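Me: I have a sequence and a model here. Please take me through the packing, one question at a time.

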Amino acid sequence: MSGERKEPGDLVFHQGLAHGMMRRSGLDASPGAPGEQAIVERCRHCPHPQSCAAWQLDHAQADGQVPGYCLNRDTFAET
């Protein structure tokens, strides 16, 4: 099961994207952390999950940056 490819629409896929952006922004990405559920929910409704995943890989060392289409951009910019 752990070898399964995660697809857009899969909760685990979106949690991974959201938690990656949370860590990049200095937010606590542990399950149940303040705001974590709302951030994951906004991520689940994003029409750009594949672009986000590629962006995170391409910008692995770019702390504090958030793509312009991110539905959580304001939240991440507050940190």
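The questions below go from the whole chain to single side chains.

Reply: This is a predicted model, in which local features need pLDDT of at least 70, side-chain atom pairs count only at pLDDT 80 or more, and totals for chains, interfaces and linings use all residues. Residues are numbered from 1 along each chain as its sequence is written, and side-chain values use heavy atoms, with hydrogens and water left out.

Me: What pattern does the protein chain follow along the sequence?
Reply: Helices (H or I, at least four residues) and strands (E, at least two) are DSSP runs, numbered from the N terminus. The protein chain has four helices and zero strands. Read in sequence order, the pattern is α-α-α-α.

Me: How much of the protein chain counts as buried?
Reply: Buried means under 20% relative accessible area, exposed means over 50%, and partly exposed is in between (1.4 Å probe, protein chains only). The protein chain has 79 residues, and the buried share is 34%.

Me: Among contacts between residues at least 6 apart in sequence, what share joins residues at least 24 apart?
Reply: Contact means heavy atoms within 4.5 Å. With that cut-off, the share in the protein chain is 64%.

Me: Are H1 and H3 parallel, perpendicular or oblique to each other?
Reply: Axes are lines fitted to C-alpha atoms, for helices over the stretch in contact, and angles run from 0 to 180 degrees between N-to-C directions. The axes of H1 and H3 come within 11 Å and cross at roughly 40 degrees. Angles under 35 degrees count as roughly parallel, over 145 as roughly antiparallel, 65 to 115 as roughly perpendicular and the rest as oblique. H1 and H3 are therefore oblique.

Me: Is the crossing of H1 and H3 left-handed or right-handed?
Reply: A crossing is left-handed if the near helix is turned anticlockwise from the far one by less than a right angle, and right-handed if clockwise. H1 passes H3 in a crossing that is left-handed.

Me: Which residues of H3 are buried, and which helix do they pack against?
Reply: In H3 (residues 49-58), the buried residues are Pro-49, Cys-52, Trp-55 and Gln-56. They fall within an arc of 120 degrees seen down the axis of H3, so they line one face of the helix (the arc is that of the directions from the helix axis to the C-beta atoms). On the other side of H3, Leu-57 and Asp-58 are exposed. The buried residues of H3 pack against helix H1 (11-24).

Me: Which backbone oxygen lies 3.0 Å from a polar atom of the side chain of Gln-56?
Reply: Gln-56 counts as buried, at 14% relative accessibility. Gln-56 touches Leu-17, Gly-20, Met-21 and Arg-24, not counting residues up to four places away in sequence. A polar contact is a pair of N or O atoms within 3.5 Å; within protein, one must be able to donate a hydrogen and the other to accept it, and residues adjacent in sequence count only if both atoms are side-chain atoms. The backbone oxygen at 3.0 Å is that of Leu-17.

Me: At what angle do H1 and H2 pack, and what is the hand of their crossing?
Reply: Helix H2 covers residues 36-44 and packs on H1 at about 120 degrees, with the axes 9 Å apart. That makes H1 oblique to H2. In H1, residues including Leu-11, His-14 and His-19 meet residues of H2, among them Glu-36, Val-40 and Cys-43. The crossing of H1 and H2 is right-handed.

Me: Which residue's backbone oxygen does the side chain of His-14 reach?
Reply: His-14 lies in helix H1. His-14 is buried, with a relative accessible area of 1%. At 3.1 Å, its side chain reaches the backbone oxygen of Cys-43.

Me: Which residues does His-19 touch?
Reply: His-19 is found in helix H1. His-19 is buried, with a relative accessible area of 12%. Not counting residues up to four places away in sequence, His-19 touches Ala-29, Glu-36 and Val-40.

Me: Which residue's backbone nitrogen lies 3.3 Å from a polar atom of the side chain of Tyr-69?
Reply: Tyr-69 lies in the loop between H3 and helix H4 (73-77). Tyr-69 is partly exposed, with a relative accessible area of 28%. Tyr-69 touches His-48, Ser-51, Cys-52 and Trp-55, not counting residues up to four places away in sequence. The backbone nitrogen at 3.3 Å is that of Cys-52.
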